[in-house]
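Look at the sequence and the model first, then read on.

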Amino acid sequence: MELHDVWFVLIAVLWIGYFFLEGFDFGVGVLTKLLARDRAERRVLINTIGPVWDGNEVWLITAGAATFAAFPEWYATLFSGFYLPLLVILLCLIVRGVAFEYRVKRPEERWQRNWERAIFWASLIPAFLWGVAFANIVRGVKINQHFDYVGGLGDLLNPYALLGGLVTLTLFTFHGAVFVALKTVGDIRVRSRKLGLWVGLVTAVLAFVFLLWTQVDSGNDRSLVAMVVAVVALVAALVANRAGREGWSFAFSGVTVVAAVSMFFLSLFPDVMPSSLNADWNLTVANASSSPYTLKIMTWCAVIALPIVLLYQGWTYWVFRKRIGTQHIAPEAGH
């Protein structure tokens, strides 16, 4: 296996890790409106992801940096062609991070409620736009012979991509509902399981249509396996959720996210960004990569740094593993 193939796999792993982890905290952000009934419950939901949300975003930063270093042509075409949706995602992530910190700086109800609205919208919009972006990457976009994107914003808002956005939004919301059920006690835990069941059923319908469409259009034997795993895992997550087995439900919803994102990358390889104008103009792992020397240095850096990051993040989740409820939040507490 060539080094550019190795780095395609590593970047896929980084995106999978990002969507697995950030997926459930996007979902929790959406649930602050759909599930929480009062201020105390909103604080419980936010506190379930409070210690970990910023660590989850490290995976996005690492994925972007790795793409820039390993596949500069891919990075340039992606970020120039998808400039507006990626800018919106970036702004949402900035607002979301500020909202988590600023929400508790003043005690007024209106102040905190406005920042909680910001958390909701800044979670919902990226959850939708990431699906739109990746669906377009798999489907192929208008790239010319110079590897420049020559389409417009309207080209990115096609039915397939919009369906992809709905799938990621509902899947992340389901993933978040299962996580809340796993991390809370009392009434909010019960209601999270019930809401998760309904969101999961909607997700199952949308995801099956989208994944089947993807397989028919651009799939292969490898992506078919990933599709089957995703569908089976989602059904298993729903069954476990209905039975009140939150740990198993979260594990299976996580497998669904992993398998669905894996299907994207398995459908792509050896392309990294297909051209819908001419297959000869596809960006591939070979023509979009950096030099072998650059990839070699990056590989050694990854071998050293990745285990440290994994150990640190695993330790964080272990420390903050206990369930919480409204009874754990004092009335005068800011967060």
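Leaving aside its neighbours within four places in sequence, which residues is Ser-249 in contact with? The model is predicted, so the answer is computed from predicted positions. The partners are Phe-174, Val-178, Ala-237, Ala-240 and Asn-241.

**Ser-249**

Ser-249 sits in helix H11, which spans residues 246-268. Its relative accessibility is 0%, so Ser-249 counts as buried; the cut-off for buried is under 20%. Ala-237 is one of its contacts. There, the side chain of Ser-249 reaches the backbone oxygen of Ala-237 at 2.9 Å.

**Cysteines**

A disulfide is a covalent bond between the sulfur atoms of two cysteines. How many disulfides does the count come to? The count is zero. To qualify, two cysteine sulfur atoms must lie within 2.5 Å. Cys-92 has a relative accessible area of 10%, so Cys-92 is buried. Cys-301 has a relative accessible area of 48% and is therefore partly exposed.

**Salt bridges**

Side chains of opposite charge can pair when their charged atoms come close. The structure holds 14 salt bridges. The table gives some of them.

| Salt bridge | N to O distance |
|---|---|
| Asp-25 and Arg-96 | 2.8 Å |
| Arg-106 and Glu-108 | 3.3 Å |
| Arg-189 and Glu-246 | 2.7 Å |

Take Asp-25 and Arg-96, whose side chains meet in a salt bridge. This pair links distant parts of the chain, 71 residues apart. Asp-25 belongs to helix H1 (residues 3-34), and Arg-96 belongs to helix H5 (residues 83-102). Buried or exposed? Asp-25 and Arg-96 are both buried.

Arg-106 forms its salt bridge with Glu-108. Arg-106 has 40% relative accessibility, so Arg-106 counts as partly exposed. Glu-108 is also partly exposed, because its relative accessible area is 36%.

The side chains of Arg-189 and Glu-246 meet in another salt bridge. Glu-246 has 5% relative accessibility, so Glu-246 counts as buried.

Salt bridges with shared partners also build a network. Its members are Arg-39, Arg-42, Glu-109, Arg-113 and Glu-116.

Definitions and conventions:
Residues numbered from 1 in each chain as written. Predicted model: local features only at pLDDT ≥ 70, side-chain atom pairs only at ≥ 80, totals over all residues. Heavy atoms only, no water. Helix = DSSP H or I, 4+ residues; strand = E, 2+ residues; numbered from the N terminus. Buried < 20%, exposed > 50% of the residue type's maximum accessible area, 1.4 Å probe, protein only. Polar contact = N/O pair within 3.5 Å; in protein donor to acceptor, adjacent residues only side chain to side chain. Contact = heavy atoms within 4.5 Å. Salt bridge = Lys/Arg side-chain N within 4 Å of Asp/Glu carboxyl O.
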